[in-house]
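Visitor: I would like to go through this structure by question and answer. Please keep to what can be computed from the atoms.

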Amino acid sequence: MMQLQEERFFLPDPAQRRVALNLHTQVKDLPLVCVHGHVNPAMLAASSYSWGSPVDLLIIPDHYIFRMLYSQGISLEELGITPKAQESHFTPPDHRQIWQTVCDHWHLFRGTPSSLWLRDELRNIFGIEEKMNSANAQKIYDLLEEKLHSPVFQPRQMFESFHIEVLATTDAATDTLDHHRAIRQSDWSGRVIPTFRPDAVVNIDNQHFAASIERLGEVSASEISGYRSYIAALEQRRRFFKEMGATATDHGATSTYTERLSEAEAERIFQRALQGEASADDARRFTGHMLIEMARMSVEDGLVMQLHLGSYRNHNALLHERFGADMGADIPTASEFTHNFKPLLDAFGRERDLTLIVFNLDESTYSRELAPLAGHYPALHLGPPWWFFDSLNGIRRFFDNVIETAGIYNTVGFNDDTRAYPSIPARHDLWRRASADWLAGLVVRGIIDEEDAAEMIVDLAYDLAKKAYKLKI
Amino acid sequence: MMQLQEERFFLPDPAQRRVALNLHTQVKDLPLVCVHGHVNPAMLAASSYSWGSPVDLLIIPDHYIFRMLYSQGISLEELGITPKAQESHFTPPDHRQIWQTVCDHWHLFRGTPSSLWLRDELRNIFGIEEKMNSANAQKIYDLLEEKLHSPVFQPRQMFESFHIEVLATTDAATDTLDHHRAIRQSDWSGRVIPTFRPDAVVNIDNQHFAASIERLGEVSASEISGYRSYIAALEQRRRFFKEMGATATDHGATSTYTERLSEAEAERIFQRALQGEASADDARRFTGHMLIEMARMSVEDGLVMQLHLGSYRNHNALLHERFGADMGADIPTASEFTHNFKPLLDAFGRERDLTLIVFNLDESTYSRELAPLAGHYPALHLGPPWWFFDSLNGIRRFFDNVIETAGIYNTVGFNDDTRAYPSIPARHDLWRRASADWLAGLVVRGIIDEEDAAEMIVDLAYDLAKKAYKLKI
Amino acid sequence: MMQLQEERFFLPDPAQRRVALNLHTQVKDLPLVCVHGHVNPAMLAASSYSWGSPVDLLIIPDHYIFRMLYSQGISLEELGITPKAQESHFTPPDHRQIWQTVCDHWHLFRGTPSSLWLRDELRNIFGIEEKMNSANAQKIYDLLEEKLHSPVFQPRQMFESFHIEVLATTDAATDTLDHHRAIRQSDWSGRVIPTFRPDAVVNIDNQHFAASIERLGEVSASEISGYRSYIAALEQRRRFFKEMGATATDHGATSTYTERLSEAEAERIFQRALQGEASADDARRFTGHMLIEMARMSVEDGLVMQLHLGSYRNHNALLHERFGADMGADIPTASEFTHNFKPLLDAFGRERDLTLIVFNLDESTYSRELAPLAGHYPALHLGPPWWFFDSLNGIRRFFDNVIETAGIYNTVGFNDDTRAYPSIPARHDLWRRASADWLAGLVVRGIIDEEDAAEMIVDLAYDLAKKAYKLKI
């Protein structure tokens with residue numbers, strides 16, 4: 001049993017398992033480089049922070065969990081998610097009751113990564129070995145509640161006990177980064193850096209675009225009257241983020257489309273967008289143009305450029321209307337890179353000092369387009385499996401489909417991409433185990449030798465991410 | 001050898017195999033719930049039925065088998081398939097000769113599910129252990145012929161020896177269900193229920209559409225003069241099917257497209273279709289509209305809604321012309337759900353009491369679209385791997401690509417989907433073995449424990465199907 | 001260690017490994033049938049040939065290798081690739097320095113097929129056991145250089161020591177096949193045959209189309225004034241190739257589109273193409289038409305028709321401009337066959353004596369379209385995994401996704417498709433090992449028995465290719 005826990009997630013062949021365990025042992029205590037994620041910096045900005053209840057910590061912010069419960073007929077209200085508009089009839093349920101509901105339905109998560117992350121979290125952080133179920137729900141709730149009041153479970157203490165070397169947050173282009181400033185000015189030495197995410201001021205199909213541009217003008221202390229001043233304001237914000245420690249930007253779009261617009265055309269679309277008159281085609285072209293423009297800025301200022309492409313956000317229309325964004329209803333779409341990325345790659349794909357990191361949700365592109373592109377263009381690197389695919393099978397498919405063509409050195413290691421702070425160690429450990437298992441499979445088949453495997457496991461677990469995100473300082 | 005037979009289809013690792021065998025043992029004798037298939041109810045309507053020759057039983061109705069032989073240059077005529085039109089030169093070959101031809105080419109099926117099903121069928125039903133080949137073809141034919149005349153191989157006796165708990169057939173919306181009535185009125189207690197399949201009166205691009213609507217008017221005793229009376233007639237037929245025991249409907253379409261038409265537009269297209277003047281675009285939009293309309297009826301009458309989407313029927317034009325439909329030339333097409341299903345899901349995806357079961361032939365949609373959608377929308381469930389993918393690798397890919405995102409509880413267990421009656425136990429057993437093997441793989445990697453696996457194997461083998469199809473009575 | 005080398009590439013389960021090793025032993029010494037590839041016939045045309053330096057042999061012609069190095073920021077110039085136009089500042093580096101650069105970066109290839117091929121090549125052909133690295137680079141260079149001057153490493157001697165039974169080259173339709181003639185007229189008995197590849201005179205979107213047609217007129221001694229004389233010239237060239245030993249043609253296109261044009265329309269497009277006025281749509285339709293026309297010719301003259309579809313050639317625009325074609329920048333595209341191939345298959349898919357062999361780079365089409373089509377149409381066969389997918393995982397995915405639906409007898413065994421002559425044995429051995437391993441997996445799971453496996457391994461390693469390419473003479 002103890003052995004199974006030590007060897008968890010490894011394929012069962014004893015010879016392969018010996019190699020995998022040996023490789024995992026070499027990296028299990030390496031620091032965590034958290035190069036991309038959505039942790040709220042506020043909780044690290046002050047020396048003391050209240051997590052609220054176990055449900056506030058583990059359920060309400062985790063759309064992986066309430067998505068699955070919702071799919072089986074449990075309403076978001078029953079899980080404590082509050083509708084946007086005040087609804088007179090809504091009284092959020094007691095958190096003990098919510099926890100009971102989650103435990104009553106915990107079987108739904110059998111075989112999912114959520115069950116593995118939470119199991120490891122309870123075991124390794126909170127010392128809870130029991131499997132969640134209806135009978136022990138309240139007992140576990142009691143234990144969690146007690147721990148959350150202890151100083152060792154304060155965010156900064158966790159940061160240290162998790163061995164986090166650096167944590168990158170993801171922040172709107174218009175964010176003033178006050179929390180980051182507070183952290184830098186505090187006597188706490190944890191390294192927390194921002195990431196420049198300009199979606200709201202680039203994707204003109206969002207309904208708050210004009211307001212976002214106004215806000216952009218304010219924070220950049222500039223008047224944005226047209227495309228040229230808009231670009232200047234973005235460049236100014238990037239400088240500010242860089243001063244505040246950022247090494248990377250991040251860009252989200254449904255489509256992979258890129259196109260270089262003339263300045264005149266960019267101006268026309270930008271003006272239509274400000275008037276709320278831009279079409280869907282305008283939006284697609286403007287975002288496609290701005291991806292190239294952002295790559296141009298990255299060549300100039302050295303910020304690593306991440307692209308998260310292919311998610312149809314807020315697919316469930318009525319749910320979006322009632323509860324807002326990020327309600328577990330973002331659905332992947334089929335993606336195409338070979339044609340769509342050509343304008344971007346013709347412009348900047350040959351730049352050796354540019355790092356473009358692509359994340360995508362259409363796994364059929366791995367072997368067909370992404371690995372061949374990354375195995376050719378100097379600038380292009382592949383992010384680890386994103387979102388639904390940050391799982392044992394997802395990671396295995398990524399390795400099996402990408403590495404033969406692109407090698408591991410055109411990939412960038414792992415990132416946890418989470419807002420669930422206490423799940424960070426479990427996620428990195430799952431990646432490290434999956435990597436060790438995959439490498440062990442290469443060793444026992446004589447594809448690589450153990451000497452190479454020993455270097456590759458450190459690269460996958462630690463070095464590749466640190467190097468790609470320019471954190472080797 | 002005996003051990004290999006007991007452990008057949010399991011991965012070779014001894015530890016995993018022990019777990020798999022244990023799990024399989026727990027479900028191998030559970031009754032079969034045959035929730036979707038194409039068995040001809042006529043053969044169960046009378047207490048006595050003649051199968052004809054072994055070729056009539058095993059070859060002529062099985063397009064899996066003659067498809068492969070045809071691909072290697074054996075004509076359908078050589079296999080006893082009769083052209084539609086009287087062709088003066090056609091004399092069907094002797095069935096002994098056909099059987100010999102099949103056995104002479106049986107090596108073509110190495111590694112295919114057809115070879116596994118037929119091997120298990122011969123062994124477990126007919127007691128024939130030998131591998132089919134040129135030399136023993138006539139001996140096996142003799143054995144089969146003899147058995148087929150024995151009372152224990154009568155359809156009703158097989159139904160009982162197979163432990164079939166319920167068998168759903170698939171029936172045209174205009175079917176009068178006389179065979180089902182005969183079964184219900186007989187003294188035989190086997191449960192055989194119809195399924196409402198309205199393709200011929202919904203897909204307006206079939207050349208017999210007007211005639212089908214006329215027939216719909218007759219059987220529903222209504223005059224169908226326009227869209228509104230057409231809808232009423234469909235609702236009437238659904239009530240009739242439900243009275244006759246149906247718990248489900250089934251819908252086939254090449255495209256996944258859905259769109260809600262205004263009544264006026266639906267009326268216009270319907271009238272064009274009756275006149276034989278509908279365009280391909282009309283057909284796509286009308287089917288897409290009717291899928292939503294059928295979901296609306298399911299919300300009202302409680303019938304489970306199955307969707308079999310993505311097959312290009314009768315791809316081989318000349319073959320279709322000479323021999324008609326279902327000649328092994330239905331070919332999958334690429335599918336898209338995220339955009340195409342949004343109108344359907346916006347309308348009814350949030351309904352907790354609706355069960356939409358989707359089957360598709362583009363495996364790239366499993367992880368990219370179907371699992372994320374099923375892991376969010378309460379109404380949406382995923383059918384087991386369909387057709388070409390009802391195989392060991394197909395089932396493995398389904399589990400590996402779907403479950404991490406959707407869990408097993410947004411899937412609906414197994415259905416055999418066959419018209420080959422004696423293959424039913426072999427198909428269910430293959431599914432149960434594949435499920436046991438997959439669960440054993442989770443156990444030995446510490447992803448689930450044996451307690452969970454023991455519940456999951458019963459769910460996959462029996463409970464999920466029964467529950468999803470509302471057969472828990 | 002010796003055991004690992006003998007069992008390399010096999011899955012680790014000991015029982016499966018025993019079966020795999022046994023199967024591999026049965027075929028490892030079978031002759032190599034090299035039915036498709038890009039070896040330069042010039043080097044076999046004379047009894048003596050100079051390879052140049054180890055870099056000339058192993059690096060400069062291998063776009064798999066320089067593609068990966070380029071992706072990590074090493075310029076093509078640093079690797080000895082010469083820009084097309086005379087560039088005054090360009091001095092190619094010393095070959096010893098290039099070899100050092102390759103060895104310094106050899107870790108990039110860990111886990112890739114290139115590393116396996118080159119390792120086996122060095123070990124089995126040149127007797128070099130050491131793993132390439134910075135320290136031993138010059139020593140290995142010395143060893144290779146010495147060997148390359150030895151008579152046993154002459155191309156014809158290698159041909160014999162490799163046990164090559166037949167080697168097909170790939171040759172432009174306008175090629176005069178002088179090297180092939182020289183080989184046939186020599187006293188050397190090696191069988192080297194041409195393959196008719198008419199891309200340059202069929203794909204009208206290449207900039208040299210008019211010149212290619214002029215050349216076609218010259219070599220066919222005909223005046224090509226229009227579509228009809230163009231077709232006649234192509235037929236004439238096919239006759240010539242056939243006389244020179246060809247048994248096959250080969251056709252490359254980005255798109256899978258096929259369409260039968262009227263002769264009048266074909267004529268109009270052909271004339272526009274000669275004038276350099278053809279549109280992209282013209283090009284797509286003309287190629288699609290010519291694929292059908294070439295199938296018609298194959299029905300008539302019996303040449304096997306290969307189709308390599310789905311590669312976007314020369315994706316990196318500036319690189320193409322500076323260095324020309326084949327610089328490692330050909331990128332796969334998503335493909336569709338069910339609709340696009342229907343005109344071709346309706347015309348000739350039912351022909352039993354026609355052999356169409358399809359190669360594609362979109363693996364999602366394997367199970368969705370290609371295997372179902374090949375498992376139905378008599379003419380259609382599937383080529384082995386192409387290019388990026390001629391790898392351990394690529395071969396495994398091909399077997400796992402194709403065989404359950406199409407069987408192995410609608411596939412055509414292996415071809416090495418290489419211009420890297422000394423890598424031929426390593427490539428065939430990798431395929432034979434992957435086949436043995438896959439078959440062993442079927443045996444230990446009771447899917448096939450060892451008797452069937454013993455026949456299948458010979459089919460996969462040797463017979464299927466020989467038969468499909470009509471080389472059984």
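**Strands, helices and buried residues**

Guide: Strand β6 (residues 248-253) of chain A and β7(A) pair in the parallel sense over 6 bridges. Strands pair if DSSP finds at least two bridges between them; helices (H or I, at least four residues) and strands (E, at least two) are DSSP runs, numbered from the N terminus. This is a predicted model, in which local features need pLDDT of at least 70 and side-chain atom pairs count only at pLDDT 80 or more, while totals for chains, interfaces and linings use all residues. Residues are numbered from 1 along each chain as its sequence is written, chains are lettered from A and ligands numbered from 1 in the order in which they are written, and side-chain values use heavy atoms, with hydrogens and water left out.

Visitor: In β7(A), which residue is the bridge partner of A:His251?

Guide: β6(A) and β7(A) run parallel, with 6 bridges between them. Within β7(A), A:His251 is partnered by A:Leu307.

Visitor: Which residue in β10(A) does A:Gln306 stand opposite?

Guide: β7(A) also pairs in the parallel sense with strand β10 (residues 356-360) of chain A, over 5 bridges. In β10(A), the residue opposite A:Gln306 is A:Ile357.

Visitor: How many residues of strand β7 of chain A are buried?

Guide: Buried means under 20% relative accessible area, exposed over 50%, and partly exposed in between (1.4 Å probe, protein chains only). In a regular strand the side chains alternate between the two faces of the sheet. In β7(A), A:Val304, A:Gln306 and A:His308 point one way and A:Met305, A:Leu307 and A:Leu309 the other, and all are buried. For β7 (residues 304-309), the count is 6 of 6.

Visitor: How are α14(A) and α15(A) oriented to each other, oblique or parallel?

Guide: Axes are lines fitted to C-alpha atoms, for helices over the stretch in contact, and angles run from 0 to 180 degrees between N-to-C directions. Helix α14 (residues 263-274) and helix α15 (residues 280-301) of chain A pack at about 125°, with their axes 10 Å apart. Angles under 35 degrees count as roughly parallel, over 145 as roughly antiparallel, 65 to 115 as roughly perpendicular and the rest as oblique. The two helices α14(A) and α15(A) are therefore oblique.

Visitor: What is the orientation of α12(A) to α14(A)?

Guide: The axes of helix α12 (residues 209-219) of chain A and α14(A) come within 8 Å and cross at roughly 105°. So α12(A) is, relative to α14(A), roughly perpendicular.

Visitor: Is C:Asp282 buried or exposed?

Guide: C:Asp282 lies in helix α15 (residues 280-301) of chain C. Not counting residues up to four places away in sequence, C:Asp282 touches C:Ile204, C:Ile269, C:Arg272 and C:Glu277, where contact means heavy atoms within 4.5 Å. With a relative accessibility of 8%, C:Asp282 counts as buried.

Visitor: What is the relative accessible area of B:Leu471?

Guide: B:Leu471 is in the segment after α21 (450-468) of chain B. Leaving aside neighbours within four places in sequence, its contacts include B:Val35, B:Val166 and B:Ile193. B:Leu471 is buried, at 3%.

Visitor: How many disulfides does a search of the whole structure find?

Guide: A disulfide is a pair of cysteine sulfur atoms within 2.5 Å. A:Cys103 is buried, with a relative accessible area of 4%, and C:Cys103 is buried at 3%. Over all chains, the number of disulfides found is 0.
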